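Hello,

Here is the structure I promised to pass on. Please open it first, then read my notes below.

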Amino acid sequence: MSLQIVVVEDTDTVREALVDYLQTCGWTPRACTCGDELETVLAEQVPDVVVMDLNLPGEDGLSLTRRLRERWPAVGIVILSARASPPQRAAGYQH
């Protein structure tokens, strides 16, 4: 059984690089650029892992992460962020 992975990243080059890398590992990740696209994917199938950017257009990644955790607590979440301050990093761990 293969992991179901969704990459949520609005920067094309970063998203494409992540998807390409995951494909070289043998997985078939789905890619989204925003929360609305993620909701469409979630309506079809709940993934095992979501790779989440925090700085997204519309709803930000922390808010999306909070909703994911509430609805599907078993989904693994990997947060991508350029945010480096300790309070910003701690906010990501809280969800």
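A nonpolar core is a set of buried Ala, Val, Leu, Ile, Met, Phe, Trp, Tyr and Cys residues joined through side-chain atoms within 4.5 Å. Keep that in mind for what follows. Note too that this is a predicted model.

First, the confidence. The protein chain averages a pLDDT of 89. At least 70 is reached by 85% of the residues. Among the elements, strand 1 has the highest mean, 98. Helix 4 (residues 86-93) has the lowest, 54. Where pLDDT is low, the predicted coordinates should not be read in detail.

Now the core. The largest one has 12 residues, including Val6, Val8, Cys32, Val50, Met52 and Leu64. Strand 1, helix 2, strand 3 and helix 3 each give two or more residues to this core. Which element gives the most? Helix 2 does, with three residues.

Leaving out residues up to four places away in sequence, Val8 touches Cys32, Leu38, Val50 and Leu56, among others.

Then helix 2 (residues 35-44). Gly35, Leu38, Val41 and Leu42 are buried there. Why do these residues lie on the same side of helix 2? Because they cover an arc of only 115° around the axis. Their cover includes strand 1 (5-8), strand 2 (30-32), strand 3 (49-53) and helix 3 (61-71). The face turned away from the buried side of helix 2 carries Asp36, Ala43 and Glu44, which are exposed.

Best wishes

How values were computed:
Residues numbered from 1 in each chain as written. Predicted model: local features only at pLDDT ≥ 70, side-chain atom pairs only at ≥ 80, totals over all residues. Heavy atoms only, no water. Buried < 20%, exposed > 50% of the residue type's maximum accessible area, 1.4 Å probe, protein only. Helix = DSSP H or I, 4+ residues; strand = E, 2+ residues; numbered from the N terminus. Arc of directions from axis to C-beta. Contact = heavy atoms within 4.5 Å. pLDDT = per-residue confidence, 0-100.
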